[in-house]
Amino acid sequence: MRCLPALLLTLPLLAGADTTLRFCSAGSPKTFDPTATDSGIDHIAHLPIFGTLVELRRGTDEFIPGLATSWSLSPDGLAYTFELRRGVSWHASADFKPTRPFNADDVLFTFGRLLNRDSAFAKALPGVSPYVVSFGWEKLIRRVEKLGEHQVRITLAERDASFLHALTQAFVLMQSAELGAQLLKAGTPQRIAQMPVGTGPFQFKSFRADSVIRYVKHPGWWRKDETPRVDQLVYAITPDATVRAQRLKRNECDIADPVGPAELADLAKDPAIKLATAPGMNVGILAYNTRRPALAKLEVRQALDMAIDKAALVRTIYGDAGTLATSPIPAANWAHDATLKPAPHDPAKARALLQKARVLPLNLTLWAMPVVRNYNPNGQRMAQMIQADWAKVGVTARIVTYEWGEYLRRIDAGDHDAALSGWNGDPEPAGTAGQLACGAASGTFWCNPAYDKLLAEARQALDPAERKPLYAKAQRLAMEQLPWTPIAYGRIAVPMRATVKGFVLELDGSRYFDGALPR
């Protein structure tokens with residue numbers, strides 16, 4: 001592991017009037033293109049740069065204006081009309097000089113990239129946004145129209161209660177149509193993933209993989225009179241959670257995220273450190289690749305699930321920072337079905353099911369996360385415990401791991417048998433539930449039309465009281481079919497120097513640093 005020298009992190013604090021916020025982050029982004037990734041590390045790197053049409057008030061699920069100052073919904077619930085903010089300036093760099101502020105063309109460009117699989121950008125950067133699939137947008141969004149320089153209408157094929165909330169998420173961060181046109185003219189559309197240009201509070205300055213991302217204050221940010229900002233924002237990329245905690249204690253970073261339960265317990269004793277904590281809107285899971293003949297059998301997935309002593313996993317891996325998962329939807333989410341119970345730990349029954357399925361002896365690869373997350377603080381140790389549990393029922397598991405970006409890429413390609421992963425959700429359940437929809441990047445390749453039908457009905461019902469029973473049915477179906485073994489819901493805890501002011505904890509795993517000051 002390459003570490004950023006302490007001197008490089010402390011120098012900006014000694015530079016005089018300039019203020020610098022130092023964030024010890026967990027890894028390098030694999031792309032600076034928000035549209036095509038579902039990696040939390042990527043999105044945390046994108047959020048300082050870009051903006052969305054609609055925002056959530058920090059730390060809540062309350063909608064507030066973003067790059068759209070207002071919006072209205074047609075009486076039939078199908079057409080959203082957005083009034084766009086005027087005079088919003090784009091970032092400028094040595095390679096790009098914007099000639100106009102943000103307008104409707106940029107909204108059309110962003111949605112065009114999301115929805116058009118045949119565009120030059122899609123061909124240069126293969127793949128469709130996982131969120132477009134999980135939210136069903138290719139079928140849902142019928143038209144995106146420019147009504148004027150600062151007015152856009154988005155027409156849906158059916159009512160969707162999750163649509164407005166989806167617009168607050170990182171995959172719909174607005175991108176510059178002017179930059180897109182410039183790259184197309186140069187024949188280099190792939191560069192959009194390397195030269196991020198946004199309207200957000202900070203402008204991208206430089207990136208050195210596995211070392212550092214540097215941002216500087218965007219002087220033309222439209223919210224500059226509302227939210228204080230530091231002059232420089234530095235992401236000190238520190239893959240090891242223990243090292244992140246040590247750097248925080250040594251005052252080499254102001255905020256470190258995430259760190260494991262043991263490190264948190266140690267940091268909590270330090271008077272120079274404070275913790276921001278909340279129940280996690282997340283779920284740690286084990287995904288079964290149903291393309292594998294053995295794992296395509298329900299009784300095999302059931303056996304593997306009940307062979308795992310999940311209560312022991314939670315005690316050992318999470319301590320008091322996690323609770324046993326009973327559903328793919330987090331317990332903190334309003335749509336969670338609290339009546340669900342996990343299958344009991346039953347090795348004898350598990351072995352009998354495997355024998356009935358005629359798959360023994362069974363050899364599998366078990367993929368261990370190489371990173372610390374609130375939903376899984378120690379992927380390697382968890383894999384070892386699962387390996388031991390499976391060995392008791394006749395299953396031999398070979399533990400595999402890769403660098404995080406490569407790990408995710410290979411799971412999406414289906415190289416694994418079973419893989420530890422997880423999901424940072426939000427108050428809108430459609431996103432988390434949609435990870436198990438047909439075609440979504442769930443690591444399972446599971447496709448159940450009855451499940452998708454329930455999700456569609458839940459999105460069309462605008463009243464939460466009507467939606468909740470539909471999500472309950474979907475959760476029961478997912479737990480019966482077990483494409484995922486849900487393991488735990490992790491408590492969120494972000495440690496920071498006690499002098500930090502203004503940082504607000506977001507339950508969905510997003511991290512915003514405008515408003516956060518080092519002292």
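Q: Which residues of helix 15 (residues 404–413) are buried?
A: In this predicted model, Trp-404, Gly-405, Tyr-407, Leu-408 and Ile-411 are buried.

Q: Why is the pair Asp-33 and Arg-113 called a salt bridge?
A: The closest N and O atoms of Asp-33 and Arg-113 are 2.8 Å apart. A salt bridge needs a side-chain nitrogen of Lys or Arg within 4 Å of a carboxyl oxygen of Asp or Glu, so this pair qualifies.

Q: Where in the chain do Asp-33 and Arg-113 lie?
A: Asp-33 is in the loop between strand 1 (20–25) and helix 2 (40–46), while Arg-113 is in helix 3 (residues 104–115). They are 80 residues apart, and the pair links distant parts of the chain. Both Asp-33 and Arg-113 are buried.

Q: Why are Arg-57 and Glu-62 called partly exposed?
A: Arg-57 has a relative accessible area of 40%, and Glu-62 is at 39%. Buried means under 20% and exposed means over 50%, so both residues fall in between. Arg-57 and Glu-62 also form a salt bridge, with the closest N and O atoms 3.1 Å apart.

Q: Are Lys-392 and Asp-389 buried or exposed?
A: Lys-392, at 57% relative accessibility, is over the 50% limit and therefore counts as exposed. Asp-389, at 10%, is under the 20% limit and therefore counts as buried. The side chains of Lys-392 and Asp-389 meet in a salt bridge at 3.9 Å, N to O, and that distance is within the 4 Å cut-off.

Q: How many salt bridges does the structure hold?
A: It holds 29 salt bridges. Glu-406, Arg-409, Arg-410 and Asp-415 are linked in a network of such bridges.

Q: What makes strand 14 (322–324) and strand 16 (395–400) edge strands?
A: The open sheet has six strands in the order 14-18-13-17-15-16, with mixed pairing. Strand 14 and strand 16 each pair on one side only. From one strand to the next, the twist averages 30°.

Q: What makes strand 18 (484–490) count as mostly covered?
A: Seven of the seven residues of strand 18 are buried. Strand 18 pairs in the antiparallel sense with strand 13 over four bridges and with strand 14 over three bridges. Ala-287 has Trp-484 in strand 18 as its bridge partner, and Gly-322 stands opposite Gly-490. Helix 14 (residues 379–391) lies across several strands, including strand 18, and runs at about 165° to strand 16.

Terms used: Residues numbered from 1 in each chain as written. Predicted model: local features only at pLDDT ≥ 70, side-chain atom pairs only at ≥ 80, totals over all residues. Heavy atoms only, no water. Helix = DSSP H or I, 4+ residues; strand = E, 2+ residues; numbered from the N terminus. Buried < 20%, exposed > 50% of the residue type's maximum accessible area, 1.4 Å probe, protein only. Pairing = 2+ DSSP bridges. Axes fitted to C-alpha atoms, helices over the stretch in contact; angles between N-to-C directions. Contact = heavy atoms within 4.5 Å.
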